[in-house]
Amino acid sequence: MDDLKFGKRNKRGDWAPSEPVALAPLFRLPFSLKAFLAWLPHYFLPWNALFALSAVAYWAWIIPPVETMQTLSWGWPLYLYAVNAVATFLFYGAFELQLYVLKRQERRFKYNGKFPAEQKSKAFWFESQNLDNILRTFLSGVTIWTACEIVVLWAFANGYAPWLAFADHPVYLAALALMVPIIHEFHFFCVHRLIHTPFLYKWVHSVHHNSVNPSPWSSLSMHPVEHLLYFATVFYHLVIPSNPILALYQLHYAAFGAIPGHVGFDKVEVGEDHAVDSHAYAHYLHHKYFEVNYGDALIPLDKWFGTWHDGSPEGEARMNERYRRRKEKLAAAEAAKADRAGQAANS
Ligand SMILES: [Zn+2]
Ligand SMILES: [Zn+2]
């Protein structure tokens with residue numbers, strides 16, 4: 001496909017879409033039914049439907065019987081870790097293999113003109129982004145995801161969480177299924193904003209941001225504390241009346257859903273003239289500029305809090321203006337402090 005029909009490439013070889021990133025029309029005012037209906041298929045296809053289906057498949061073929069999950073032991077948790085690890089290896093690995101190893105679509109639609117393997121950095125374990133990212137994914141990422149999964153399944157199995165059956169509450173549970181990405185967006189925005197505070201950024205979130213040029217394995221490359229905060233999104237299903245399949249969907253949305261946001265390409269080509277949107281540009285800009293786009297705009301939280309960057313020159317100007325004002329404020333505070341210190345010395 002000709003990516004220059006959809007965007008432009010600068011001298012460094014970085015590609016950017018020509019259209020600014022649009023906010024989902026869900027919470028946009030005034031509400032437009034036309035925009036909502038045009039957007040709706042993208043809400044389901046392909047990503048959300050895929051993660052919902054994988055949750056159903058887990059429930060049908062992977063998750064042990066309820067009686068087994070009533071007791072915590074080593075067997076079924078280790079088995080779930082193994083399944084999650086294999087699923088991650090296959091799903092993440094497929095993107096890595098196609099786009100970064102075999103380079104099937106070369107640099108078409110690639111935001112950053114360079115491939116991470118071309119840049120060594122001391123920030124990473126063994127100075128390799130890939131090795132560092134892969135180790136973090138399997139050591140703490142899949143482990144903490146599985147631990148959260150075990151706690152939730154064990155709670156459901158023992159009646160500690162309100163478990164509704166699909167046969168008894170089909171409408172409510174279907175509505176809750178539609179809410180899963182919205183719960184994720186709300187939760188992710190809150191924890192993400194929290195770990196951008198200076199102390200937590202330095203000790204926790206900087207690990208994820210080492211990947212300035214993210215690739216598929218960067219998706220779950222986080223500090224264990226961030227993994228815990230990130231996967232805690234599933235615990236909403238222990239509080240609100242739900243069903244274990246929806247809890248699994250919530251987890252899969254976080255675990256597998258991190259991939260599209262870090263794939264590094266705006267579109268993933270499928271065949272000669274088809275491509276699937278990754279919707280990754282907003283989060284790519286977050287990795288590039290750090291203090292914009294804490295969320296993915298499903299709920300326009302960044303817009304409301306003034307941190308939205310849609311990739312347009314206006315978005316860039318708004319960001320630079322915000323940085324300039326903050327610098328001024330910091331300089332003024334420093335000057336006032338020096339003033340007070342001077343007065344105290346004179347008196
Ligand atoms: Zn990220
Ligand atoms: Zn961040």
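# Helix packing, zinc site and aromatic contacts

User: At what angle do helix α2 and α10 pack, and how far apart are their axes?

Analyst: Helix α2 (residues 47-62) packs on α10 at an angle of about 130 degrees, and their axes are 8 Å apart. That makes α2 oblique to α10 (under 35 degrees counts as roughly parallel, over 145 as roughly antiparallel, 65 to 115 as roughly perpendicular and the rest as oblique). Axes here are lines fitted to C-alpha atoms, for helices over the stretch in contact, and angles run from 0 to 180 degrees between N-to-C directions. Helices (H or I, at least four residues) and strands (E, at least two) are DSSP runs, numbered from the N terminus.

User: What should I know about the model and the numbering?

Analyst: This is a predicted model, in which local features need pLDDT of at least 70 and side-chain atom pairs count only at pLDDT 80 or more, while totals for chains, interfaces and linings use all residues. Residues are numbered from 1 along each chain as its sequence is written, chains are lettered from A and ligands numbered from 1 in the order in which they are written, and side-chain values use heavy atoms, with hydrogens and water left out.

User: Back to the helices. Is the crossing of α2 and α10 left-handed or right-handed?

Analyst: α2 passes α10 in a right-handed crossing (left-handed if the near helix is turned anticlockwise from the far one by less than a right angle, right-handed if clockwise).

User: And how do α4 and α5 pack?

Analyst: Helix α4 (residues 75-101) and helix α5 (residues 129-157) have their axes 9 Å apart and pack at an angle of about 135 degrees. The two are therefore oblique to each other, and α4 passes α5 in a right-handed crossing.

User: Changing topic: which residues coordinate the zinc ion?

Analyst: The NE2 atoms of His192, His196, His205, His209 and His286 coordinate the zinc ion (ligand 2), at 2.1 to 2.2 Å. Donors are N, O and S atoms within 2.8 Å of the metal (3.2 Å for Na, K and Ca), and water is not among the atoms, so sites may look incomplete.

User: How are the donor residues spaced in sequence?

Analyst: The spacing is H-x3-H-x8-H-x3-H-x76-H. His209 lies in helix α7 (residues 198-209) and His286 in helix α12 (residues 281-289), so this pair ties together parts that are 77 residues apart in sequence.

User: Are His209 and His286 buried or exposed?

Analyst: Both His209 and His286 are buried (under 20% relative accessible area; exposed is over 50% and partly exposed in between, with a 1.4 Å probe and protein chains only).

User: How many aromatic pairs does the structure hold?

Analyst: The structure holds 30 aromatic pairs (rings of Phe, Tyr and Trp, its six-membered ring, with centres within 6.5 Å; planes under 30 degrees apart count as stacked, over 60 as edge-to-face and the rest as tilted). In one pair, the ring centres of Tyr249 and Tyr253 are 6.4 Å apart and the planes are at 80 degrees, so the pair is edge-to-face. Tyr249 and Tyr253 are 4 residues apart in helix α10 (residues 244-255), which separates them by about one helical turn, and both Tyr249 and Tyr253 are buried.

User: Which residues do ring pairs link into a cluster?

Analyst: Ring pairs link Trp47, Phe51, Phe91, Phe95, Trp145, Phe188, Tyr230, Phe231, Tyr249, Tyr253 and Phe256 into a cluster.

User: Which ring does the charged end of Lys103 sit over?

Analyst: The charged end of Lys103 sits over the ring of Phe115, 4.4 Å from the ring centre. Likewise, the charged end of Arg193 sits over the ring of Tyr294, 4.7 Å from its centre. The criterion is NZ of Lys or CZ of Arg within 6 Å of the ring centre and within 35 degrees of the ring normal.

User: Last topic, the backbone. Is the peptide bond from Leu45 to Pro46 cis or trans?

Analyst: The bond from Leu45 to Pro46 is cis, with omega near -10 degrees. Pro46 is in the loop between α1 (33-44) and α2.

User: What is the phi of Phe109, and of Phe126?

Analyst: Phe109 has a positive phi of about 65 degrees although it is not a glycine. Phe126, also not a glycine, has a positive phi of about 55 degrees. Phe109 counts as buried at 0% relative accessibility, whereas Phe126 is exposed, with a relative accessible area of 63%.
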